[in-house]
Amino acid sequence: MNELRKVLFRDDQETTSMPIVISSRIRLARNLKGYKFPRHSTRMELSRVAETCKSILLGCKLLKDPKIFAIDSLSATERCALVEAHLCSIELSKSEFGAGLLVANGNSSAVMFNEEDHLRLQIFRQDLDFKTMWLRISEFDDYIAHSTNIAYDANFGFLTSCPTNVGTGMRSSVMLHLPGLVITSQVNVVINAVQKLGFVVRGLFGEGTSASGSIFQISNQYTLGLSEIDIISRLYQVIISVIANEELARKWLLKNKSLAVCDNIGRSFGALSWSHTMGSEEAISHLSNMRLAVDYGFLPQAWRAGLDCLLVNVQPSHIQLANDKQLSTEERNIQRATAIRKFFEKMPSLKF
Amino acid sequence: MKKCQFCGKPATVHLTQVINSEMQNVDLCDECAAKHGLFEQSGSPLSVLAALGEAMFGTTNQNLAVNGLICSNCGCTPTIFKESGRLGCENCYKDLRPLIEKIIENSQKGVKHLGKQLANCTSEGNGNAEREAPAPQKHICKNHKCACKHDHKHDLGSLKSELERAIAEERYEDAAVLRDKIKKYSN
Ligand SMILES: [Zn+2]
Ligand SMILES: [Zn+2]
């Protein structure tokens with residue numbers, strides 16, 4: 001098993017998980033002083049920036065067990081798999097010379113270099129503890145600033161290649177599982193309200209009520225004119241109120257539509273347990289129903305983290321990478337169903 | 001079904017953006033959204049809007065005397081920025097300032113950075129030197145004699161006025177730290 005597969009298919013999977021919240025992230029954009037931004041750089045500049053970034057990062061004691069991947073050394077499938085695992089942006093996955101990704105601390109830290117900005121530091125968690133995330137990433141950021149000169153302006157703050165990121169350079173986001181709001185057709189109302197407050201919402205697999213999997217990412221739109229703590233606490237307030245709305249919708253559903261809810265969950269359980277071929281969109285929507293079943297208490301809580309992991313592992317590039325030979329779509333659907341059946345063999349039955 | 005505003009395919013991504021307190025709706029297909037960096041998790045709706053061109057925020061740009069601007073360091077111009085949605089270098093923030101200010105006014109909460117400052121030397125002595133990469137040529141900050149790579153310009157004068165302010169504002173812990181620093185750098 002090569003290094004990349006070790007990162008993608010970890011055996012020491014995260015065991016913490018909570019209802020509704022899938023994961024949280026803070027990302028900081030930083031640029032090295034004296035170099036053009038990556039999209040305007042020559043190969044020479046890109047390679048000098050990459051070397052500088054690598055030597056700084058590898059000397060950082062805050063990064064345990066770091067692994068560095070040069071993007072142009074990865075196949076298209078490998079790049080897509082990193083995007084599926086949310087470790088790498090689409091932009092980075094499409095970059096070539098000089099672009100790289102560092103993954104460390106059991107996938108809870110990742111650094112993209114020579115993406116749109118020279119450095120993008122990222123930190124992930126499976127809960128909403130933004131305070132801890134901020135302290136950790138800020139300490140990491142201080143280390144970077146003490147190791148090299150950073151492009152900074154007293155007025156504009158941290159300078160980034162797109163002025164929509166300037167200032168704090170910070171993007172904080174939460175991935176939420178909102179089937180209650182989707183089923184009750186309230187999700188678009190909630191999305192509009194959240195957007196008016198200055199946050200960006202996007203569906204992970206599709207948009208609005210048609211988002212399969214009912215998974216949405218909410219992140220801050222503004223990076224300048226607010227402090228990091230302000231941005232984080234506003235985001236937190238918004239997330240808490242979205243969660244409260246989702247909880248209400250779930251309670252309403254169980255009280256007023258319990259037949260439909262249980263029927264849906266039961267059918268998904270059957271399909272996941274017994275199908276012999278399954279497309280990724282279908283798998284996503286059934287797995288989303290299983291996460292809801294865990295939150296409702298129909299399945300043991302301990303299975304939630306495993307379901308989250310499976311949701312990533314059934315994505316097309318993950319299925320391809322788990323197999324040695326090149327697969328067609330039909331073959332992938334068979335492999336996907338097989339992997340899911342195997343997972344569900346050990347799953348206790350639903351208790352409504 | 002709404003159509004993608006770039007290529008006319010069925011739109012799957014619907015974006016609402018407030019520009020100059022006006023709501024703008026943008027509809028895109030997956031491909032175009034990805035092409036304009038929308039799925040790239042920064043969610044930078046501005047580059048999408050920028051790419052939509054004059055039609056969408058023409059009024060914004062016509063009012064601007066940005067046509068003659070060019071960055072003396074990288075050659076980036078407002079046109080290049082509009083096409084790519086990216087600036088060329090840190091100096092663009094100086095040379096293309098009227099453009100930057102307009103963009104910031106339209107897309108940000110404020111015009112002044114209120115977040116953390118570029119890391120200064122306050123953390124000296126708590127292990128930063130040890131944590132540093134084994135850099136071949138070790139730079140020593142002239143003013144603070146710490147191992148960080150900047151030459152921090154905390155001259156004695158500004159430290160003394162900071163101290164006065166701290167005392168006036170009754171921030172005695174800060175004052176104590178400043179007093180120690182002044183003592184250290186006076187030698
Ligand atoms: Zn399109
Ligand atoms: Zn420039």
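Modeller: Start in chain A, where A:Met175 stands opposite A:Gln217 in β10(A). Keep in mind that this is a predicted model.

Colleague: How many bridges join β8(A) to β10(A), and which way do they run?
Modeller: There are 5 bridges, and the two strands run antiparallel.

Colleague: And what about β9(A) and β10(A), over how many bridges do they pair?
Modeller: That pairing is antiparallel too, over 5 bridges.

Colleague: Is β10(A) buried or exposed?
Modeller: Mostly covered, with 6 of its 6 residues buried. A:Ile215, A:Gln217 and A:Ser219 lie on one side, while A:Phe216, A:Ile218 and A:Asn220 lie on the other. Both faces are covered.

Colleague: Why the split into two sides?
Modeller: Side chains in a regular strand alternate between the two faces of the sheet.

Colleague: Zooming out, what is the order of the strands in the sheet?
Modeller: The open sheet has 8 strands in chain A, ordered β2-β3-β4-β5-β1-β8-β10-β9, with antiparallel pairing. On average, neighbouring strands are turned by 20° against each other, direction ignored.

Colleague: Which helix packs on the sheet?
Modeller: Helix α8 of chain A, residues 228-256, does, touching β1, β8, β9 and β10 of chain A. The direction of α8 makes about 10° with that of β8(A).

Colleague: How do β1 and β5 of chain A pair?
Modeller: In the antiparallel sense, over 7 bridges. Within that pair, A:Ser24 has A:Arg125 of β5(A) as its bridge partner.

Colleague: Different topic. Why is α11 of chain A described as largely enclosed?
Modeller: Because 7 of the 10 residues of this helix (304-313) are buried. Among them are A:Leu307, A:Asp308 and A:Leu311.

Colleague: What covers the buried residues of α11(A)?
Modeller: The cover includes β1, α3, β10, α10, α12 and α13 of chain A.

Colleague: Now the metal. What coordinates the zinc ion, ligand 2?
Modeller: The SG atoms of B:Cys71, B:Cys74, B:Cys89 and B:Cys92, at 2.3 Å. Along the chain these donors follow the spacing C-x2-C-x14-C-x2-C.

Colleague: What geometry does the site of the zinc ion have?
Modeller: Tetrahedral, with angles of 99 to 124° among the 4 donor atoms.

Colleague: Why does B:Cys89 count as buried?
Modeller: Its relative accessibility is 1%, and buried means under 20%. B:Cys92 is buried as well, at 0% relative accessible area.

Notes. Residues are numbered from 1 along each chain as its sequence is written. Chains are lettered from A and ligands numbered from 1 in the order in which they are written. This is a predicted model: local features need pLDDT of at least 70, side-chain atom pairs count only at pLDDT 80 or more; totals for chains, interfaces and linings use all residues. Side-chain values use heavy atoms; hydrogens and water are left out. Two strands pair if DSSP finds at least two bridges between them. Helices (H or I, at least four residues) and strands (E, at least two) are DSSP runs, numbered from the N terminus. Axes are lines fitted to C-alpha atoms, for helices over the stretch in contact, and angles run from 0 to 180 degrees between N-to-C directions. Contact means heavy atoms within 4.5 Å. Donors are N, O and S atoms within 2.8 Å of the metal (3.2 Å for Na, K and Ca); water is not among the atoms, so sites may look incomplete. Four donors count as tetrahedral if all angles lie between 85 and 135 degrees; four count as square planar and six as octahedral if opposite donors are over 155 degrees apart and all others between 65 and 115; anything else is irregular. Buried means under 20% relative accessible area, exposed over 50%, partly exposed in between (1.4 Å probe, protein chains only).
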